[in-house]
Structures are given as C-alpha cells and as structure tokens.
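Colleague: Before I use this model, I want to know which criterion stands behind each label. Take me through them one at a time.

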Amino acid sequence: MSADRETAVVEAVGKELFIGGKWVPATGGKTFPVLDPSTGATLCEVADASPEDGKAALDAAVAAQADWANHPPRERGEILRRAYDLLLARADDLALLMTLEMGKPVAEARGEITYAAEFFRWFAEEAVRIDGGYAVAPNGVGRFLVTKQPVGPAILITPWNFPMAMGTRKIGPAVAAGCTSVIKPAAQTPLSMLALAGILAEAGLPEGVLNVVTTSSSGSVMEPMIRDGRARKLSFTGSTAVGRKLLEQCADKVLRTSMELGGNAPFLVFDDADLDAAIDGAMQAKMRNIGEACTAANRFYVQRGIADEFARRLTERMEALPMGRGTEDGVIVGPLIDRAAVEKVSSLVADAADRGAKVLTGGSTVDGPGNFYQATVLTDVPPEAKLASEEIFGPVAPISVFDTEEEAVAAANDTEYGLVSYLYTSDLKRALRVSERLEAGMIGLNQGIVSNPAAPFGGIKQSGLGREGGTVGIDEFLETKYIAVSL
Ligand code: NAP
C-alpha cells in the first residue's frame, strides 16, 4: 500500500463535527489526534467536542425530528439504499481508512464495509414494512387500532472494534424508523464514522437527521445529552462496565435503551464433532478482528477424546498466521488497538500460566513499534484463571477439557455474560438439547460466525438489552401506540 494512498484516504475525510448538515469546528478549535495502532504515528487531528458542542448536535437532531418522522418511509429507505451503493463503490478506500485507524487487516476491513453496508440495504427494505393492527375488542363493541411511531431523537454510541458496522447497525434502523440522531464514535476510531456522515449526506439524508460528535472526553460530553431529556433513546455498543453507567444516566429521564455489551463466549467441541469444521470455526470465532470482537470465542471446552488433537491442530493453524501491519498483503494478525490492550492480554496469559496453564504457542508481546501480541494457544486452563471470566479481546485461545455434556454446559454458563455460544457436534439431538440450555442470545451451531444483518443480534444476562438487525431491529427505534376506538 503506498504512503500517498494512505495519506489521500485520510485527507478525504471531514475532520470537523457534523452538525445540522454542516461541518463545524469544535468550540475553541480544539482537536485530538487519531493514531495508527500499527506504528503509533499520528494519522490526523479531528475536532474535540465540548459539552456545548454536544448540546448543539442534540439541538439539531431535535429540530429535525418532526419533519423526518413525516418523511415518506419509501424515501427514507431509498436514502439508505443509495448510501449502501456508495459504501460498496468506495469500499476499497473505506477499508484502508479503517485499517489505518483500527489496525485490522485490510481484507477484513473490506469485509466489514460489506457487512456494514448490508445493514443499510436491510433497513432500506424494512423502512416500508413498519406494521400496525386493527382488532375487535373482546366485548365486540370497541376496536383497537395499533400503530408504530418513531421513538424520537436518539443518541448512538459506538466502540472502536467495528468502526463502520457498529454505526450502520444503529443508523440504519434509526433512519428507517424516522428517528434523528447524534452519534459518537470511539475517540480511537472516529474517521470511519466521519466518512460515513459524508456518504449519507451525499445520499440525500436531510440536514440534522444524523449528527456526528467526536470527542476525547466522552463522559463529560455525553452525560448532559443523555440527562437533557429531549433525546428519547440511547443505543450503546461497548463494554458492560460503561453500559451499566449509561443505564443509570438513562434512568433519570426514563430513556428507551438498547445495550450491546461485552461477551465471554464459550466454544464447545464434542467428540462426535466434524473436527475439520470445528478447527475452521475455532479460527474464525477466535481470530476474526484479531480476537477483538464481542463475539470472540473466549473459552474453548473440548471433550477429552479429541482434546489433544484439537489443541495440536489449532496450534498449527495459529502458529502459521502472518503478523504485521494490516496494510501488508496476507497479514492476518494485526496490532491490538493500544498499549493498554497488549498489557491486559499479557497479564491474562501470565495469570493463566501462573495457575498451571501450558503455553503451546505464542504467549509474548512483540517489540514495537505498534501494539502487537502473538497468536497464542493455552491448554490445561483452570476455571479460576482470570481469562475464563474476563473478555480477553486479543488473539489468545485458552483450552480446557471436559468429560460430560453436563459438565460442558455448566462451565459454558458459568459467566455473567450471555452474548453468544458456539457448539460443535454432529448429533442432532445433542445439538438442539445443548443449544436450548446454553445461556446466550445467539448460538453458533457448527459455525464460527453468527453475525448477519438479517438476523437478531444481541445478548442476555449482562451482555445487553434488545436486538440489532433482523426484523426486530427496527422496533428498537419505534414506539407502539394503541388507539381505542368506540363505534
Ligand atoms: P467502551 O470503553 O465501553 O467504549 C464504547 C463507547 O463508549 C466508545 O465510544 C467510548 O468512547 C464510549 N464511552 C466510554 N465511556 C463513556 C462514558 N462514560 N459516557 C459515554 N460514552 C462513553 O468499549 P470499547 O473498549 O470501545 O469496546 C469494546 C467493548 O465493546 C467490549 O466489551 C466488547 O465486547 C463490546 N462490544 C459489544 C458488541 C455487541 O454487539 N454486544 C459489539 C462490539 C463491541 P471513548 O472510547 O471515546 O471514550
């Protein structure tokens, strides 16, 4: 990848706040740097919003709400459809931009652009399918009319790990439902969202319908907006710790909330599984996004009869993964997002090793520049190791052995999280029995990736509230109104 092309894709993006359809500087012209995690170099500076800027963005969303709610659903859908086309037409540049700010290999970033765009295509189709009802009351006299209306202005907060798709997964249904919004991307990866704002404006999204606020102080800018009361919805994707805090802030004005939070996915392999498929699935579930995914397999539980072979084959595959800057051809293991992430992964691996886990491959940081950690496989991981209960968010596969189905299900469910569980078996009865018993919002049955814009994505327990995508995704931005009719 040439340095000139890298500079060009960064230069092409608006670096100011996007408020009321205009690019505006932050109060006092403040900016903060965006870094390349593979080198530590500064890519550019972007506007650093203050609480006043946040209020201005909310003002713009509130001002645009009534008109937008009355916009014909077909037109709302067509804007999303045009944005879908533009995203695909510019996928190569957008993928490079994402790799520069986030680190994932450019082929994976390209995959994320397609995935992200699909949310716009899906919700373009959903915009015209908002349904209602008409029913006879049980007493035979009255009638019930049921209609759905936009919730109102929404605040959207997204993480750094999927800088584009976590945005389109919220903006798609908000736009389709007739909600205006203010979105705040993570400070580490604001460029993809700023590029998306430009694309949506080009696709014809009216002024004020989407506003983008970038800031280095998310807490102090977002809390007043949440507590303001004019936004009626918060849709958040991020860690459970921050999600809890935001739920408290929402309680004050009783905002509708959607919470896509952390995960601690178990990956169960029974000894009747197709081992080739299980290894392929394990690689996808572990190494998608360098392990920095809420859906990442965090704990592997393998039945005793195949445990050694599984560990040997997974180790071979992990050892062979090329590491490097995500812009280089063939790289699979890019850098982690920052130094703190490398230190966290290192300390989790050290803790597991101290408690008796064996390191089959990897287990070390890589000398800088950049935030690299080796693809790692651990076996004999005891249940009390910290990585059995905390999100690793890195390229580390800890394996434990089980004997019985009962033991596997108990270990899998022994977590406060409940986002996704993976299960490999060729016994249909066991597949359904275990799927029903696993405490998770999603199950990967003989497959290592569950994400699909047409399917309901989300978790139970402390992994979240609500669903994104699928036919239910738009409901997160709609209120049901019932009109009691007397004949
Ligand atoms: P995070 O620290 O919770 O941050 C997520 C977003 O919240 C960022 O935009 C962040 O902004 C913002 N934020 C942080 N503190 C805030 C506060 N006090 N008030 C308002 N906003 C605040 O999570 P992350 O490290 O970016 O992302 C990784 C986490 O997201 C993992 O736990 C992962 O499992 C989860 N995740 C879940 C899903 C899902 O669908 N369930 C999908 C992807 C990721 P700044 O970073 O700029 O402070």
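Modeller: Start with strands E12 and E13, which run parallel and are joined by five bridges. The model is a predicted one, in which local features need pLDDT of at least 70 and side-chain atom pairs count only at pLDDT 80 or more, while totals for chains, interfaces and linings use all residues. Residues are numbered from 1 along each chain as its sequence is written, and side-chain values use heavy atoms, with hydrogens and water left out.

Colleague: What makes E12 and E18 a pair?

Modeller: Two strands pair if DSSP finds at least two bridges between them. E12 (residues 265-269) and E18 (residues 420-424) have three bridges, in the parallel sense, so they meet that criterion. Phe267 stands opposite Tyr422 in E18, and in E13 the bridge partner of Phe267 is Phe300. The strand labels are DSSP runs (E, at least two residues), as are the helices (H or I, at least four residues), and both are numbered from the N terminus.

Colleague: Why is E14 called an edge strand?

Modeller: The open sheet has seven strands, in the order E14-E15-E16-E13-E12-E18-E19, with mixed pairing. E14 (358-361) and E19 (442-445) each pair on one side only, which puts them at the edges. The twist averages 25° from one strand to the next. For such angles, axes are lines fitted to C-alpha atoms (for helices over the stretch in contact), and the values run from 0 to 180 degrees between N-to-C directions.

Colleague: What makes E13 largely enclosed?

Modeller: Seven of the seven residues of E13 are buried, so the rest of the structure largely encloses this strand. Buried means under 20% relative accessible area, exposed over 50%, and partly exposed in between, with a 1.4 Å probe and protein chains only.

Colleague: Which strands are the edges of the three-stranded sheet, and why?

Modeller: That open sheet has the order E5-E6-E22 with antiparallel pairing. E5 (133-136) and E22 (478-485) each have a single partner strand, so one side of each has no neighbour in the sheet. Here the twist averages 20° from one strand to the next. E6 (residues 143-150) is joined to E22 by eight bridges, and the two run antiparallel. Phe144 stands opposite Ala484 in E22.

Colleague: How do you know that the length of H12 agrees with its residue count?

Modeller: The expected span is 1.5 Å times one less than the number of residues. For the 16 residues of H12 (residues 339-354) that gives 22 Å, and the end C-alpha atoms are 22 Å apart, which agrees. Gly356, which follows H12, has a positive phi near 110°. H11 (residues 304-319) also has 16 residues and should span 22 Å; its end C-alpha atoms are 23 Å apart, which again agrees.

Colleague: What do the buried residues of H12 pack against?

Modeller: They pack against E15 (376-379) and E16 (396-402), where contact means heavy atoms within 4.5 Å. The buried residues of H12 include Val345, Leu348 and Asp351. In H11, Phe310, Leu314 and Met318 are among the buried residues. The buried residues of H11 pack against E12, helix H10 (275-287), E13 (297-303), E14, E15 and E16.

Colleague: What makes a set of residues a nonpolar core?

Modeller: Its members are buried Ala, Val, Leu, Ile, Met, Phe, Trp, Tyr and Cys residues joined through side-chain atoms within 4.5 Å. The largest such core has 65 residues, of which Phe120 and Ile171 touch the most other members. Helix H5 (residues 106-126) gives the largest share, 10 residues. Another core lies apart from it, with 55 residues, among them Ala265, Val269, Met287 and Leu348. Beyond its neighbours within four places in sequence, Ile171 is in contact with Phe120, Leu156, Ile183, Met193, Leu196, Leu200 and Leu210.

Colleague: Why is Asp67 called exposed?

Modeller: Its relative accessibility is 61%, so Asp67 counts as exposed. Asp67 lies in helix H2 (residues 51-69).
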